[in-house]
Amino acid sequence: MGVIDIELFATLDLVGQAPGGPDEDPEGFPFGGWQAPLIDEVSGAQVDTAYAGTDALLLGRRTYDIFAAHWPHQDNEFGTLFNSIPKYVASRGTPELSWAGSTQLGPDLAGAVREVRDRHEKVKVVGSLDLVQTLLREKLFDHIDLWVHPIALGIGKKVFDGGVVPTNLTLLQPPEASPSGIVYLRYGLADGIPETGDMSEHE
């Protein structure tokens, strides 16, 4: 069985909508492309390392459409990777999957995702905030790579919005900060649910 890694780019107030560009997800959101001014060599290298060994993509419909319009025309490291590996698409509709290697997941999304994880070694979930909520709710992930950027927007879709259930996580490595102030956090899914206590015990 492989692993499912969720890749998340977020602001300090955990907005994850449209980091890549103004046209990515513009409905009611004026800050599309907020990530671009903050990217630096350190955070870029972290992303490169995170994708090493990826052998499948798991995408929501909107992210798939954006990627399918962009990556087939790119002759670079990520273009070569994304164009060569299978793409699995979660959609309730009937999308036109014109990007080579694309497959629509069946109506039993949780079961289909488990099959994808059984079939591949390292599956990446990119963007796809609606899909991410389902994976969080079902605890159908192994790692979360979270890049927190030093801005707050006060508007936009949140990365943990509507899908979270009580979950324990383990920080897998020390936090890493880039020169522009992006903090990279890597978590792994842990057993059980959060416990509670009384702070007076520590007085």
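Reply: Phe 82 is buried, with a relative accessible area of 2%; buried means under 20% relative accessible area, exposed over 50%, and partly exposed in between, found with a 1.4 Å probe and with protein chains only. The model is predicted, so local features need pLDDT of at least 70 and side-chain atom pairs count only at pLDDT 80 or more, while totals for chains, interfaces and linings use all residues. Residues are numbered from 1 along each chain as its sequence is written, and side-chain values use heavy atoms, with hydrogens and water left out.

Phe 82 belongs to helix α3, residues 77–84. Helices (H or I, at least four residues) and strands (E, at least two) are DSSP runs, numbered from the N terminus. Not counting residues up to four places away in sequence, Phe 82 touches Tyr 51, Leu 57, Phe 67, Trp 71, Lys 87 and Trp 99. Contact here means heavy atoms within 4.5 Å. Gly 197 is 115 residues from Phe 82 along the chain, and their C-alpha atoms are separated by 46 Å.

Now the whole chain. The protein chain has five helices and nine strands, in the order β-α-β-α-α-β-β-α-β-α-β-β-β-β from the N terminus. Its radius of gyration is 17 Å, close to the 17 Å that the globule rule gives for 203 residues, so the chain is as compact as a globular protein of that length. The radius is taken over C-alpha atoms, and the rule is 2.2 Å times the number of residues to the power 0.38. Along its principal axes, the C-alpha trace spans about 60 × 40 × 35 Å. Of the 203 residues, 45% are buried. Among contacts between residues at least 6 apart in sequence, 73% join residues at least 24 apart.

Next, the nonpolar cores. A nonpolar core is a set of buried Ala, Val, Leu, Ile, Met, Phe, Trp, Tyr and Cys residues joined through side-chain atoms within 4.5 Å. The largest has 28 residues, of which Ile 6, Leu 8, Leu 58, Leu 105, Val 113, Val 125 and Leu 135 touch the most other members. At least two residues of this core come from each of β1 (3–11), β2 (56–60), β3 (87–90), α4 (109–119), β5 (122–126), α5 (129–138) and β6 (143–149). Another core, of 25 residues, lies apart from it, and Phe 82 is among its members, as are Ala 18, Phe 78 and Leu 153.

In α4, the buried residues are Leu 109, Ala 110, Gly 111, Ala 112, Val 113, Val 116 and Arg 117, and they pack against β1, β2, β3, β5 and α5. In α5, Leu 129, Leu 131, Val 132, Gln 133, Leu 135 and Leu 136 are buried. These pack against β1, β2, β3, α4, β5 and β6.

Ser 128 sits in the loop between β5 and α5, and its phi is near 55 degrees, a positive value in a residue other than glycine. Ser 128 is buried, at 7% relative accessible area. Lys 139 lies in the loop between α5 and β6, and its phi is also positive, near 55 degrees. Lys 139 is partly exposed, at 27%.

Further along, Leu 185 is in strand β9, residues 183–190. Leu 185 is buried, with a relative accessible area of 15%. Leaving aside neighbours within four places in sequence, Leu 185 is in contact with Ile 144, Asp 145, Leu 146, Val 148, Leu 171 and Pro 175. Val 148 is 37 residues from Leu 185 in sequence, and 7.9 Å from it in space, C-alpha to C-alpha.

For contrast, consider a residue at the surface. Pro 37 is in the loop between β1 and α1 (41–51). At 69% relative accessibility, Pro 37 counts as exposed.
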